[in-house]
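Here is a short tour for someone meeting this structure for the first time. Have a look at it, and then we'll walk through some of its residues and its overall build.

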Amino acid sequence: YILKWILISAIIGVLAGSASAFFLVALDWATNWRESHPWIIGLLPLGGLLIGLMYHYLGKEVEAGNNLVLEQIHKPGKMLHFKMAPLILIGTVATHFFGGSAGREGTAVQMGASIADQLNHWIKVRPRDRIIILLCGISAGFASVFGTPLAGMLFALEVYYIGRLRYNAIFPCLLAAVIGDLVCDGWGVLHTGYYINDIPLLTPLNILYTILAGIAFGLTAVCFIRLTHAISSRLKSKISYAPLRPAVGGVMVVVAVLALGTTKYIGLGIPVIVDSFEEQLPVYDFALKLLFTAITLGAAFKGGEVTPLFFIGATLGNALSLFIPLPMALLAGIGFVAVFSGAANTPLATTIMAIELFGMEAGVYAGIACVTAYMFSGHTGIYSSQVIGEGKHLLFGREQGMKLGALKEWRRSK
C-alpha cells in the first residue's frame, strides 16, 4: 500500500508541480506585460469574448471547473478530460493579460486534478482509489502554487465535504503536496513572502478583538459569494449566448478602471497585499477589489478566487486596525486567511496556511479568526458542489448531505 501510493503521489507531485511552475512563470509574464502596456486593458472585452468562444466551442464539458472536480470526487464517473489543464491555463493567463481581477488557485487545482486523473489511462484503479488520486492532484496543485504543502494537503481533504475529513487520503495527499511544492521550487519559481513583526500576548481582550475581526471577515466572504453569484445569474438571464457574458463583464471592468484612474484592483494585486502588512491603506480597498473580482468571475472569466480573497482579507484587516487595537500586520495576516476560510469553508487548511506563511506565533490568532469566519459565513461557499457533511450549526442539521448549490431552491421549497 505504501509503495503504491509513494509511486502514484510522486508522479502526481512532479507533474502538478511542474505545471504550476510553468503557470506561475506565464502569469508573471502576463502581469508584467500588462503593467508595462496598460492600453491592453481596453481590450479586456475582446479577451473575454475570446475566452468565452474557446470554452463554448472547445471546452463545454470542462467549463464547470473546480465544481466538476468536486463532482467527480463525490460520484466518480467519466474521467476528467486532459483539455481541462491547457484550457484553464490559457484562460487564466489571458484573463490576467487583459486586466481581469482573478486568482490562481482554481487554475492550479484544475490542472493538478486533470493531470492526475490521466493516470487512469495507464493503471487500473478502483473508484475509491481514483478519488484519492484526484485529491492528490488538488493538494499538489494548491501546495505548489502557494508554497504551502501542509495547507495544500488539508485543503484537498477539507474542501469537498463541509465538516468532514477523509483520513485514508492523508498520506498520499501529503506526499503529493510536498513533492509538488519541492518540484515547483526546483524550477526556480519563488513565492511572495509576508511578515508579521508584532504579535501581542494572547489575552482575553485580544481574543475578543480577534473574534470581532473574524465576524467581519466571515460576513465579507458572504458578500463576495452572493455578489459573484448574483452577477453570474443576471448575466445568464439577460445574455443567452455564453461567449458574450465575459465580453460584457470586460466592458464593466474597463469602465470601472477608467472611472477610478487606477489598475490597483485588477490582476492578482500582490503588491497591495504586501503593502497591507506595512502601511495604512485606504479603507475602501477591500470593497473595490471585491467588486472587481465579483464582476470578473461572475462574468465567467477564468482563474481562481483565492488570491483576490487574500487581497480582500488583508486590506480589510488593514482597515480594521483603525478600529480594533491589534497590530496592523497581524490583522492583515489573519484577514488574509480568514476571508478565504469563510468563502471556501476550509478553516483547518487556512489556519495551517497562516502558520506556514507567517510563523507559529500567529497561529492561534489565525485559528480563532478562521474558525469564526467559517461559522459566520453560514452554508454558503465559492464552490457550489461542496456537500454539507456536518452542519456548521445544530439549527441547520436538516441540510446535511446537500450540495451548497441546491440549498437556495430547497429553502424556497420550505
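Alanine 300 sits in the loop between helix 12 and helix 13 (306-320); helices here are DSSP runs of H or I with at least four residues, strands are E runs of at least two, and both are numbered from the N terminus. Its phi is near 80°, a positive value in a residue other than glycine. Asparagine 345 also has a positive phi, about 60°, although it is not a glycine, and its place is the loop between helix 14 and helix 15 (347-358).

A word on where this comes from: the model is predicted, so local features need pLDDT of at least 70 and side-chain atom pairs count only at pLDDT 80 or more, while totals for chains, interfaces and linings use all residues. Residues are numbered from 1 along each chain as its sequence is written, and side-chain values use heavy atoms, with hydrogens and water left out.

How covered up are these residues? The table uses relative accessible area, with buried meaning under 20%, exposed over 50% and partly exposed in between (1.4 Å probe, protein chains only).

| Residue | Relative accessible area | Class |
|---|---|---|
| Alanine 300 | 31% | partly exposed |
| Asparagine 345 | 1% | buried |
| Threonine 293 | 0% | buried |
| Glycine 99 | 0% | buried |
| Isoleucine 2 | 51% | exposed |

Threonine 293 belongs to helix 12 (residues 285-298). Not counting residues up to four places away in sequence, threonine 293 touches Ser101, Phe224, Gly298 and Pro308, where contact means heavy atoms within 4.5 Å.

Glycine 99 is in the loop between helix 4 (84-98) and helix 5 (105-117). With its neighbours within four places in sequence set aside, glycine 99 is in contact with Arg34, Leu44, Val253 and Ile266.

Now for the inside. Which residues have the most contacts within the largest nonpolar core? They are Phe336 and Phe358, in a core of 129 residues. Such a core is a set of buried Ala, Val, Leu, Ile, Met, Phe, Trp, Tyr and Cys residues joined through side-chain atoms within 4.5 Å. Helix 14 (residues 328-344) gives the most to this core, with 12 residues. Apart from it lies another core of six residues, including Ile162, Tyr374, Leu404 and Leu407. Beyond its neighbours within four places in sequence, phenylalanine 336 has contacts that include Tyr194, Ile273, Leu309 and Phe358.

Tyr1, Ile2, Leu3, Ile6 and Phe171 make a nonpolar patch of about 540 Å². Helix 1 (residues 2-36) gives the most to this patch, with three residues, and isoleucine 2 lies in that helix. Accessible areas come from the Shrake-Rupley method with a 1.4 Å probe, and for residues only the protein chains shown count as cover.

Finally, the whole chain. The protein chain has 17 helices and two strands. Buried residues make up 60% of its 414 residues. Along its principal axes, the C-alpha trace spans about 60 × 55 × 50 Å.

Note on methods
Patch = residues over 30% accessible without salt bridge, like charges linked within 9 Å, V, L, I, M, F, W, Y side chains within 5 Å. Salt bridge = Lys/Arg side-chain N within 4 Å of Asp/Glu carboxyl O.
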